[in-house]
Amino acid sequence: KRKFDVLLKQQQFVDGGQEPISTDSDDSTEETESESVFDFLSKQKLDTDGNGRTQPFCLIASLVNPHDVWASSRFAKLSDEEFYLETGYHPRDFESIPIDLPPSRNDDLSSKPSIQSLMSAHPVFGDLSDSRNNSDQQSKSDALRYIRFYAYLHKLVDDEIGSLLDELEATGQMDNTIIIRLADHGELGLSHAMREKRMQCYEETMTIPLVINYPSKMLNDGDANRLQSTKKVISNLVSSIDILPTIADLAGVDCSQYQYRGTSLVPFLRNESTPCKNEEEVLFTFDEPLAPTGIPGFVRCIRTHDIKYSVYFTSDGKRMEYEMYSLQEDPHEMLNLCAPNTIPGECWYSWHERLTQLMKTKGAVPLGFDWDSMSIPRKWTHLVDLSQCDLIK
């Protein structure tokens with residue numbers, strides 16, 4: 001049986017690592033994995049007579065893929081057979097997947113925050129060639145290979161999740177178990193001529209899958225006539241920080257003494273919560289210190305159903321750049337309503353104030369400078385020659 005938390009291939013690459021991660025180690029003190037998720041689940045099996053009970057359990061299965069997509073560009077110059085020998089994946093399994101390049105890939109980024117142009121030109125985070133070459137009688141596009149490989153890795157993840165659910169079914173615990181499927185972030189996949197997730201807040205990065213399966217009896221208040229399976233899609237805006245209070249709520253744990261920044265989603269599952277859509281909002285933040293000195297790379301963003309407004313800033317608050325999109329009129333986020341040389345108006349000021357208030361509510365006001373005075377909307381320009389600035393970090 002495969003183990004989820006160890007390598008599924010001979011080599012794999014996580015979050016841009018430049019060297020394969022090895023499972024071999026001469027360090028006898030290193031902690032080693034002795035139990036797979038399948039082994040763990042087998043211990044939760046009910047007795048065949050149905051009378052057996054187990055203690056409540058919580059299992060987190062963290063899957064490596066689709067992180068292996070990094071191998072696509074790193075080994076792009078290899079033949080298909082060489083690519084397979086290096087990665088364990090053969091291009092014939094994914095290069096014909098009918099997925100095309102995203103419509104925003106041709107974004108020239110001239111009206112966007114400075115960091116995005118730097119990212120687009122970066123060898124790891126940036127755009128890939130779509131030119132075709134015929135070496136080894138193979139017609140290749142590095143760009144298409146990347147997004148199709150990414151899609152293929154998701155298929156592998158689906159297969160692994162299916163194996164886990166089969167094992168859970170075999171324990172007899174499926175009807176007693178809450179299953180939550182989600183990701184920690186999205187992937188640009190060459191949208192806006194970039195890859196990965198860093199220093200921007202486009203929909204491809206912010207939007208992640210969130211699927212919650214739960215026994216019908218949990219939320220039907222004991223009504224045996226409502227045990228039928230149901231499926232529904234909730235269009236409300238929710239956030240990853242809502243997961244912890246949701247799990248606590250589903251488990252019947254009283255967490256009123258804690259001040260969670262998130263909100264339980266159980267009322268949505270019960271159809272008890274119907275907030276006004278124009279009042280729904282989520283906060284997105286990025287705080288990794290990766291940008292070159294003087295280039296705004298920290299981000300605060302408010303996302304509603306209609307508008308996305310973002311502020312990019314340096315750690316000392318001396319440099320601010322801005323971004324705003326009308327998601328209904330511009331779903332691919334091509335037209336920055338706060339582009340360079342734009343004079344702030346009432347709409348801009350209003351959304352900035354709404355973002356600031358949300359930041360204060362969620363405890364996300366940056367430290368080290370006075371946000372209220374230094375982030376005020378203003379006309380801005382790209383002050384540096386981006387062609388001379390390297391994204392080194």
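Met199 is buried in this predicted model, its relative accessibility being 1%, where buried stands for under 20% relative accessible area, exposed for over 50%, and partly exposed for values in between, with a 1.4 Å probe and protein chains only. Residues are numbered from 1 along each chain as its sequence is written, and side-chain values use heavy atoms, with hydrogens and water left out. Since the model is predicted, local features need pLDDT of at least 70 and side-chain atom pairs count only at pLDDT 80 or more, whereas totals for chains, interfaces and linings use all residues.

Met199 is placed in the loop between β1 and α6, in a scheme in which helices (H or I, at least four residues) and strands (E, at least two) are DSSP runs numbered from the N terminus. The phi angle of Met199 is near 55°, a positive value in a residue other than glycine. A positive phi, of about 60°, is also found at Ala193, which is not a glycine either. Ala193 lies in the loop between β1 and α6 (203-206) and is buried, with a relative accessible area of 5%.

The backbone oxygen of Ala193 is 3.0 Å from a polar atom of the Ser120 side chain; a polar contact is here a pair of N or O atoms within 3.5 Å, of which, within protein, one must be able to donate a hydrogen and the other to accept it, while residues adjacent in sequence count only if both atoms are side-chain atoms. Ser120 belongs to helix α4 (residues 114-121) and is itself buried, at a relative accessible area of 17%. When residues up to four places away in sequence are not counted, Ser120 touches Leu109, Gly126, Asp127, Ala193 and Met194, contact being defined by heavy atoms within 4.5 Å.

Cys201, with its neighbours within four places in sequence left aside, is in contact with Met206, Phe284, Val299, Cys301, Lys308, Ser310, Tyr312, Glu323 and Glu333.

Side chains of opposite charge can pair when their charged atoms come close. The structure holds 15 salt bridges, each being a side-chain nitrogen of Lys or Arg within 4 Å of a carboxyl oxygen of Asp or Glu. In one of these, Asp287 and Arg300 meet at 2.9 Å, N to O, and the pair links distant parts of the chain, with Asp287 in the loop between β3 and β4 and Arg300 in strand β4, 13 residues apart. Asp287 is partly exposed, with a relative accessible area of 42%, whereas Arg300 is buried at 4% relative accessibility.

Lys360 and Asp372 form a further salt bridge, with the closest N and O atoms 3.2 Å apart; this pair also links distant parts of the chain, Lys360 lying in helix α9 (residues 346-362) and Asp372 in helix α10 (residues 371-374), 12 residues apart. Lys360 is partly exposed, with a relative accessible area of 42%, and Asp372 is partly exposed at 43%. In the salt bridge between Lys155 and Asp159 the closest N and O atoms are 3.5 Å apart, and because the two residues are four residues apart in helix α5 (residues 142-171), about one helical turn separates them. A network of salt bridges links Glu203, Arg303, Lys308 and Glu333.

Two further local features were identified. A cis peptide bond, with omega about 15°, joins Asn65 and Pro66, and Pro66 is placed in the loop between α1 (37-42) and α2 (70-74). Leu182, in strand β1 (residues 179-182), is partly exposed at 42% relative accessibility, and together with Leu210 and Val238 makes a nonpolar surface patch of about 200 Å². Patches are made of residues with over 30% relative accessible area and no salt bridge, like charges being joined within 9 Å and nonpolar side chains (Val, Leu, Ile, Met, Phe, Trp, Tyr) within 5 Å; accessible areas come from the Shrake-Rupley method with a 1.4 Å probe, and for residues only the protein chains shown count as cover.
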